[in-house]
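The report below describes a sheet, the helices around it and the surroundings of a ligand. Please read it alongside the sequence and the coordinates.

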Amino acid sequence: MAVSLRILRMAGGRIDSGAAGQVKGCGSRLENETSMKLSLDAAVRDMAARLRQAGAPDPLRDATVLARWAVGMDGAAFAAARNDMITEAGWARLQAATAERERRRPVSHIIGRRAFFGRDFFCDARALDPRPESETLVEAALGHLRAHNTPAARILDLGVGSGCLLASVLAEQPGATGVGVDQSAEALELAAENMAQLGLAGRAELRHGDWLEGVNERFDVILCNPPYISESEIEALAPEVRLFEPWSALTPGADGLFAYRSLAPLVPAALTEGGAIFFEVGIDQAPDVAALLSASGMATERIRDLNGVERIVVGQVSHANAS
Ligand SMILES: C[S@@+](CC[C@H](N)C(=O)[O-])C[C@H]1O[C@@H](n2cnc3c(N)ncnc32)[C@H](O)[C@@H]1O
């Protein structure tokens, strides 16, 4: 089922859509607002102290990001205005945002966006937040497309979530088109909003479904960052993740390998000659996932992320060599 694009729902899961709108006019203060006798700098320090007490891991950074969002300024305008008095409305928004952060709601969910591969993505509780380690997957897939000179490539993203992987590849490859599949209708809604805000809706089809079920075409590249956290790791997750991100995006239970086991035998039939799947994997899962792809007749490669963790397993198919 293709998901129709909706009018952008800017307020999804946020404290206040008004302030998000102000970001467009970065650098300008709200007119006719009265000011508090508190500088932006002092407001940041007050809020950072509250967040430190609440156990937030990076209180000063969080308080600064929330304050910039609350007063609707970009980084440069905020730095220049640090000694200005905060407005009453800005102060009220900042206090409400800090209260949300005190209960460990992610900053990205409060301000409604997060940067990934050089672009801003809407994010909220409907899908997993884009993660820096997944940028390694995008880089690897783009490297493959460039090496194989496939300007009109067809891309499949299994478990599209917020749309960050598919959108990043499509944005970097203007001739490419793609399909994003997810079993979560809510995630597909968010992906549709992200494709629209990035001007990619015309090149991305979004389908509600269970992995490759109902996918009958072949693709040059498959991207897949499935739920992979094992049952034993769940308790150790930070509250920001455990309490606020969708469970179905995080873990399949048991050893976390369920999706790889289900998909590995089916992937070769969904790839074109020379096509490749790029799986993101959890810590220490790369050998097992590579073995599953090898058992399906694919040539494999393991790629490390910026922290040195084996994070991506690539499986490349050669139908010519298949018996
Ligand atoms: C770890 S998240 C990845 C989201 C996004 N691709 C990213 O990298 O940020 C996994 C996604 O897979 C989806 N998913 C889980 N099981 C699925 C299934 N059987 N079929 C399709 N999608 C599934 C979840 O809803 C979730 O959006």
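Strand β8 and strand β9 (residues 271-280) pair in the parallel sense over five bridges, where two strands count as paired if DSSP finds at least two bridges between them, and where helices (H or I, at least four residues) and strands (E, at least two) are DSSP runs numbered from the N terminus. Within this pairing, Leu223 stands opposite Phe278 in β9. The model is a predicted one, in which local features need pLDDT of at least 70 and side-chain atom pairs count only at pLDDT 80 or more, while totals for chains, interfaces and linings use all residues. Residues are numbered from 1 along each chain as its sequence is written.

**The sheet**

β8 also pairs with strand β5 (residues 154-158), to which it is joined by four bridges and runs parallel, β8 itself covering residues 219-224. Here Leu158 lies opposite Cys224 of β8. Six of the six residues of β8 are buried, and the strand is thus mostly covered; a residue is called buried if 20 or more other C-beta atoms, placed from the backbone, lie within 10 Å of its own, exposed if 12 or fewer do, and partly exposed in between.

These strands belong to an open sheet of seven strands, ordered β7-β6-β5-β8-β9-β11-β10, with mixed pairing. Because β7 (204-208) and β10 (299-304) stand at the edges with a single partner strand each, one side of each is left without a neighbour in the sheet. Neighbouring strands are turned by 15° against each other on average, direction ignored, with axes being lines fitted to C-alpha atoms, for helices over the stretch in contact, and angles running from 0 to 180 degrees between N-to-C directions.

**Helices on the sheet**

| Helix | Strands touched | Angle of direction |
|---|---|---|
| α8 | β5, β6, β7 and β8 | about 165° with β5 |
| α9 (residues 185-197) | β6 and β7 | about 170° with β7 |

The buried residues of α9 are Ala187, Leu188, Leu190, Ala191, Ala192, Glu193, Asn194 and Met195, and what covers them includes β4 (119-122), α8, β6 and β7. At 1.5 Å a residue the 13 residues of α9 should span 18 Å, and the 19 Å between its end C-alpha atoms agrees with this; the expected span is 1.5 Å times one less than the number of residues. Just after α9, Gly199 takes a positive phi of about 70°.

Since 11 of its 13 residues are buried, α3 is largely enclosed by the rest of the structure; among the buried ones are Asp62, Arg68 and Trp69. Gly72, which follows α3, has a positive phi near 70°.

Arg93 is found in helix α5 (residues 88-102) and is buried, with 23 other C-beta atoms within 10 Å.

**Around the ligand**

Of the 22 residues around the ligand, Gly159, Gly161, Ser184, Asn225 and Ala249 come nearest, a residue being near if its C-beta atom, placed from the backbone, lies within 6 Å. The elements giving two or more residues to this shell are α8 (164-172), β6 (177-182) and α11 (247-250).

Terms used
Contact = placed C-beta atoms within 7 Å.
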